[in-house]
Amino acid sequence: MFAASTNLQHSLAQLRTIAVPVADYRVLPFEIQGIDSRLSGGGLRTGALHEAAAHSCSVVDDAATTLFLAGIAARESARTGGPVLWASCRNDLYAPGLEQAGLLSANVIYAQPLDDSALLAVIEDAVRDGTPSAVIAEARQVSMVATRRLQLVAADADIPVLLLRRRRGREHDPLGEPSAAWTRWRIASAPSQRLNVAGVGRPRWSVELARQRSGTSFSMIVEGCDETGCLAVPAALGHRTAETAGPARYAAA
Amino acid sequence: MPRPRPVALQLPVDDNPGACSVPRGGGWRPGARWARTDAPESTDVESQIAALPAHAKPPMRELGRRSEAAVHPYRGDAPAHQAMSVEATVAAFHASPLALIGKVGRREEVVAACASAASLGIVVGMAATHARALVSDLDFRPAEPEADAALLDHLALRAVRRWTPIAAATPPDGLWLDLTGCEHLHGGEERFCQRLRAFCQRAGFTARVAVADTPGAAHAVARFGRAALTIVPSGRTVEALGPLPIAALRLNSVALTAGRKFGFETVADLLPVARGPLARRLGLAAITRLDQALGGVAEPITPREDAEVPVVERRLLEPICTAEAIERVMGDLLADLAEVLQARGLGARVLRLVGLRIDGGEQVVAVGTSRPTREVSHLLRLLKLRIDRIDPGLGIEQFTLVAPHTEPLDAIDLGAVLADETLVRDPARLVDVVAGRIGARAVYRLAPVESHVPERAVIRSDPVDAPGGWPEWVRPVRLFARPEPLARVIALLPDQPPRRFEWRGTTYMIVAGDGPERIHGEWWRRDAEVWAVRDYYRVEDDKGGRYWVFRRGDGFESETGDLSWWMHGVFA
């Protein structure tokens, strides 16, 4: 009887390991239970292509998307200790703002190619080189073939490639196009919590995982990057986290 | 109880001055120097001082001129002495004009004259006896063409070692430097030319520099151009050469005489003339010179060879023309070169691969690195990016790999790697890879500048050196290059964030705001910024957008700004 139950337990554990896909890749957790548990592998896969697009064509959502990717790159850079390559055809990034999301200027190398085809070639070369800890690229036109190539080289080099997909027009949805990306995010800016004093609270974003491989999609509201690039879950009223013990601004009722 | 009033201290007035001439109670002192009627006039004093010998003159401070700094007690009046001696030297230099005399044909002529001699009427080509008769104390020295050539050759060798791998002397008075692929080492073409001129000035030469597409054009512009430093933009050779005289084309005397006879004054006169008749009149050599200057005929520079430059060479059994074969040869050459560099303790900054085609043409590709390196895989990756620029034609039969610019590279300490087993990530490798694809200017870092004005706080810097950070003021993630005006703003003066505004045709209702953060204009930059003030606010609208807006002016003083509102950036 006892032997049978241990046998059963053993086979159950074996079955469970077969049923639950084992992640044999390195992941970068968000340190947020609500996101990590719903991502396959328990976090963002490091050797993969991840796409993010703004929810609307407003500059605000674009800025939230930029800082979302910057936070991921900052945490990966802090873990592995290499430079981050930021490739963009535009130059309206403001480095002091990125520094406040954890991406120190000493850790970022910027590249400004002339067009999207040169940009894709540059980031592929950089990932193949293996030097950067993460690559962030802002691109407007990325074909399915290009994303597949990027996904392959990223998996090969175990370096996250974070692609900020820009809209080509007001009605254009970049996430509507086919892509080989591991995860695809849609980020929007959300109203922050009103404080009982004058001032703006910690920024909040509406983060929507539109698609992921071997997983389901979800959406939630998170609080924006702190100075280490970490996101946070908004403290619900009456269920305040330990943060409410800090400054009075979060203790608004 | 009323407090007693303090009694003013009153000193007893003593009419007897005693040792001091001033009465104790103060006041007017009889016999003061300013009250004397027979006081000497200031002009008299100055004339008396001027009459004194130099060592006896009172210092400026004693004369009551406060603007003059006090002389250090241990320092003599050396500066005045020095200034005099420099002046005297310069005068002595100008007083002794110099001319070189050489034998031209059967008579002795002036072959070179310095500027001061030229101002005295000595011109090149004048008979030596004539010049001696004109200026009696002229410093004549015999010309030494061999010594000149040796000096020029020495300069060319120096150029090969310091500036560019391909440099050659063009006797009697010029140098050709091929800047292709190495101007980035000197900060660009213009900066290089300025440094070159500064170097020549220090060495005591008067230099004229020209940069052009072809050696012939640079030769002409340097000698006959207007400015001492000319950079002809790529593709503008014809415009630059047009106004120059035909002597700029390095024609022989027969062709020059013929050209004068037929009325060809400038290069522009030659261009519209048909080739055949022109060749019959000026000779075929003149046509070749014209084509060389305009780029129609190649004119390779035979470089001054330096035995110190690491060179490796492979001669192939059969000519090759496929990319895979070229890549293989590149790998072999790099392995050879790495051994040479390692033996000498050097790392390459510039590599130059020359392929000799079977039709005699040369295919040259060059790569640069941001740090000295001799790592074969890294250099091979950089060279492979250039394979598509090699035109093999019917095949390439010989490859030469040169490291014209090298820097010392010693063994690197690997202790930390063994302890932590972490991958050492060298940003210089990444920079080389990206710069090889899109150019060195498109790779950069952003470094802080000590300025509170947001758009001035960031500057592009060298991609290899790690910059510092910024102060922790709240800053947006995207900053507009030019602030955009806001319309119909409702805000309380002087220090409240706006409640509503219109921007890009949309109305924004503001529900929260932080601020103001006041930033003053930098008066040391522009006069217009002396009183300028910007009050920055971070505001959030009802839909969750967070913006960085500012108002010109502090709300009190009209000089500080016109109270207009602007959008400057977007927070996440």
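Colleague: Let's start with one residue: which is the bridge partner of B:Trp548 in E20(B)?
Modeller: Bear in mind that this is a predicted model. Strand E19 (residues 546-552) of chain B runs antiparallel to E20(B), and five bridges join the two. In that pairing B:Trp548 has as its bridge partner in E20(B) the residue B:Gly569.

Colleague: And which strands are the edge strands of the open sheet of seven strands?
Modeller: Reading across the open sheet in chain B, the order is E14-E20-E19-E18-E17-E16-E15, with antiparallel pairing. An edge strand here pairs on one side only, and that picks out E14 and strand E15 (487-491) of chain B.

Colleague: How many degrees does the twist average from one strand to the next there?
Modeller: The sheet in question is the open one of seven strands in chain B, paired in the antiparallel sense. Going from one strand to the next, its twist averages 30 degrees.

Colleague: Where is B:Pro494, the one in a cis peptide bond?
Modeller: Its cis bond is to B:Leu493, with omega at about 0 degrees. In general, most peptide bonds are trans. As for its place, B:Pro494 sits in the loop between E15 and strand E16 (498-503) of chain B.

Colleague: Over to the contact between chains: which element gives the most to the side of chain B that touches chain A?
Modeller: In total, 43 residues of chain B contact 47 residues of chain A. Several elements of chain B supply at least two residues each, including helix H16 (427-438), strand E12 (443-448) and strand E17 (506-520). The one that gives the most, with eight residues, is H16(B).

Colleague: By class, how many residues on that side of chain B are nonpolar?
Modeller: We're looking at the 43 residues of chain B in contact with chain A. Six of them are polar and eleven are charged, while the nonpolar ones number 26.

Colleague: Which residue of chain A stands opposite B:Val443?
Modeller: A strand pairing links the two chains: E5 (residues 108-111) of chain A pairs with E12(B) over two bridges, in the antiparallel sense. Opposite B:Val443 in E12(B) stands A:Ala111.

Colleague: What about H5(A) and H16(B): are they roughly parallel or antiparallel to each other?
Modeller: The axes of helix H5 (residues 116-129) of chain A and H16(B) come within 9 Å, crossing at roughly 155 degrees. The crossing is right-handed. Angles over 145 degrees count as roughly antiparallel, so H5(A) and H16(B) are roughly antiparallel.

Colleague: How many charged residues are in the contact of H5(A) with H16(B)?
Modeller: From H5(A), residues including A:Ala118, A:Val122 and A:Asp125 meet residues of H16(B), among them B:Arg429, B:Leu430 and B:Val433. The contact has eight nonpolar residues and no polar ones, and the charged ones come to four.

Colleague: Which helix packs on the sheet of four strands in chain B?
Modeller: That open sheet has the order E8-E11-E9-E10, paired antiparallel. Its edge strands are strand E8 (311-320) and strand E10 (362-373) of chain B. The twist from one strand to the next averages 15 degrees. Touching E8, E9 and E11, and making about 160 degrees with the direction of E8(B), is H13 (residues 323-344) of chain B.

Colleague: Inside that sheet, what stands opposite B:Leu353?
Modeller: Strand E9 (residues 346-357) and strand E11 (residues 396-408) of chain B pair antiparallel over ten bridges. In E11(B), the residue opposite B:Leu353 is B:Leu401.

Colleague: A:Glu31 has a positive phi; is it buried or exposed?
Modeller: Most residues other than glycine have a negative phi. A:Glu31, at about 65 degrees, is not a glycine and lies in the loop between strand E1 (27-28) and helix H2 (33-36) of chain A. The cut-off for exposed is 12 or fewer other C-beta atoms within 10 Å; A:Glu31 has 12, so it counts as exposed.

Colleague: How many other C-beta atoms lie within 10 Å of B:Arg250?
Modeller: B:Arg250 also has a positive phi, near 60 degrees. Its place is the loop between helix H8 (237-241) and helix H9 (253-261) of chain B. B:Arg250 is partly exposed because its count of other C-beta atoms within 10 Å is 17.

Conventions: Residues are numbered from 1 along each chain as its sequence is written. Chains are lettered from A and ligands numbered from 1 in the order in which they are written. This is a predicted model: local features need pLDDT of at least 70, side-chain atom pairs count only at pLDDT 80 or more; totals for chains, interfaces and linings use all residues. Two residues are in contact if their C-beta atoms, placed from the backbone, lie within 7 Å. Ala, Val, Leu, Ile, Met, Phe, Trp, Tyr, Cys and Pro count as nonpolar, Asp, Glu, Lys and Arg as charged, and the others, Gly among them, as polar. Two strands pair if DSSP finds at least two bridges between them. Axes are lines fitted to C-alpha atoms, for helices over the stretch in contact, and angles run from 0 to 180 degrees between N-to-C directions. A residue is buried if 20 or more other C-beta atoms lie within 10 Å of its own, exposed if 12 or fewer, and partly exposed in between; C-beta atoms are placed from the backbone. Angles under 35 degrees count as roughly parallel, over 145 as roughly antiparallel, 65 to 115 as roughly perpendicular and the rest as oblique. A crossing is left-handed if the near helix is turned anticlockwise from the far one by less than a right angle, and right-handed if clockwise.
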